[in-house]
Amino acid sequence: MLGGFTTMVANAGGPVMSMYLLSAGFRKLGFLGTSAFFFLIVNVTKVPFSVGLGLIDGHSLLLDASLAAFVVPGALIGKWAVNRINQRLFEQLVIAATIIGGLQLLLR
């Protein structure tokens, strides 16, 4: 619930969800799949509200389209990387990224 609330209110659900999924004992692929599915569902739910608030418009859609070219290469690099790191290193990287992301949110 906290992950959903923080992503709806402040687009800041990543740190909360990362710590939850690690503490729940998710392995690498389960962690990544669950995170991706969770944020897919939440972000699709947010679309009508974002349009209503003027956060999604023609200009933002053009920016989205220009950045879409990076999705496939990013996914392929991510798949390559996750298959080459062990679970312990993965968890350490997630914790480090969570700390950095959390600090950035607090210092804004």
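Student: Which residues in H3 do Gly 13, Gly 14, Met 17, Ser 18, Leu 21 and Leu 22 in H2 meet?
Tutor: Bear in mind that this is a predicted model, where local features need pLDDT of at least 70 and side-chain atom pairs pLDDT 80 or more, while totals for chains, interfaces and linings use all residues. Residues are numbered from 1 along each chain as its sequence is written, and side-chain values use heavy atoms, leaving out hydrogens and water. Helices here are DSSP runs of H or I, at least four residues, numbered from the N terminus, and contact means heavy atoms within 4.5 Å. On the H3 side, those H2 residues meet Phe 31, Thr 34, Ser 35, Phe 38 and Phe 39.

Student: How is H2 set against H3, then?
Tutor: Their axes (lines fitted to C-alpha atoms over the stretch in contact, angles from 0 to 180 degrees between N-to-C directions) come within 11 Å and cross at roughly 140°. Under 35 degrees counts as roughly parallel, over 145 as roughly antiparallel, 65 to 115 as roughly perpendicular, and the rest as oblique. So H2 relative to H3 is oblique.

Student: What kind of pair do the rings of Phe 31 and Phe 90 make?
Tutor: Rings of Phe, Tyr and Trp (its six-membered ring) pair with centres within 6.5 Å; planes under 30 degrees apart are stacked, over 60 edge-to-face, the rest tilted. The structure holds two such pairs. In this one the centres are 5.3 Å apart and the planes sit at 85°, so it's edge-to-face.

Student: How many residues apart in sequence are the parts that this pair ties together?
Tutor: Phe 31 is buried at 5% relative accessible area, and Phe 90 is buried at 8%. Phe 31 sits in H3 (residues 28–52) and Phe 90 in H6 (residues 87–107), so the separation of the tied parts is 59 residues.

Student: Is Thr 98 buried or exposed?
Tutor: Thr 98 belongs to helix H6. Not counting residues up to four places away in sequence, Thr 98 touches Pro 15, Ser 18 and Met 19. With a relative accessible area of 11%, Thr 98 is buried.

Terms used:
Helix = DSSP H or I, 4+ residues; strand = E, 2+ residues; numbered from the N terminus. Buried < 20%, exposed > 50% of the residue type's maximum accessible area, 1.4 Å probe, protein only.
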